[in-house]
Amino acid sequence: MKYEEQIDRLHLKMMQFNRGDANRIQHLTKVHRFAQLIARMENVDEHTQFLTECAALVHDIGIRPAEKKYGLSSGRLQEREGSVYARPILEDMNFNEADIDRICYLVGHHHTYTDIDGTDYQILVEADFLVNFYEDKLSQKDILYAFEKIFRTESGKKLCRIAYFPEWKEI
């Protein structure tokens with residue numbers, strides 16, 4: 001099966017997982033699209049593109065289970081619960097074990113901003129920030145702080161400047 005078909009199937013699965021929760025469906029869709037775009041702009045290889053997009057689709061799968069289990073969904077709790085729920089979905093969809101492990105690792109670390117160990121991880125974090133800046137209505141000061149501390153890809157930086165710092169001219 002082609003990567004694009006598998007990504008589309010996973011997107012539908014995640015919509016079903018979040019059935020009735022338009023905010024979460026919109027969020028995962030936006031994070032996926034930003035991750036897809038950044039990865040393409042960074043010219044990553046096809047497999048890294050695939051892993052990045054899949055991780056973006058499932059990155060917040062731990063929110064609902066964390067809310068049910070703990071009554072809240074902090075980043076750490078999302079990370080803790082996310083892999084538990086992502087793994088069986090990916091297995092059911094016949095993802096290979098190494099890809100499942102990497103996607104679950106990314107889900108289990110997407111709110112951890114130290115020791116980012118790959119382009120797929122960096123892109124996922126940046127895509128999530130680009131969407132969260134808007135959804136959480138962060139101040140320009142907070143966006144700039146995250147931009148300076150977190151963003152590493154030239155493409156993620158460019159998209160952030162376009163969306164949040166239009167006065168910032170390209171160099």
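Predicted model: local features only at pLDDT ≥ 70, side-chain atom pairs only at ≥ 80, totals over all residues.
View 1. Residues are numbered from 1 along each chain as its sequence is written, and side-chain values use heavy atoms, with hydrogens and water left out. A salt bridge joins R24 to D21, with 2.7 Å between the closest N and O atoms; the term requires a side-chain nitrogen of Lys or Arg within 4 Å of a carboxyl oxygen of Asp or Glu.

**View 2. The pair R64 and D21.** D21 also forms a salt bridge with R64, where the closest N and O atoms are 3.7 Å apart. This pair links distant parts of the chain, since R64 belongs to helix α4 (residues 63–70) and D21 to the loop between α1 (3–17) and α2 (22–41), 43 residues apart. Helices are DSSP runs (H or I, at least four residues), numbered from the N terminus. R64 counts as partly exposed because its relative accessibility is 30%, whereas D21, at 16%, is buried.

**View 3. The pair K157 and E154.** In helix α9 (residues 154–164), K157 and E154 lie 3 residues apart, about one turn of the helix. Their salt bridge has its closest N and O atoms 3.7 Å apart, and E154 counts as exposed because its relative accessibility is 51%.

Key: Helix = DSSP H or I, 4+ residues; strand = E, 2+ residues; numbered from the N terminus. Buried < 20%, exposed > 50% of the residue type's maximum accessible area, 1.4 Å probe, protein only.
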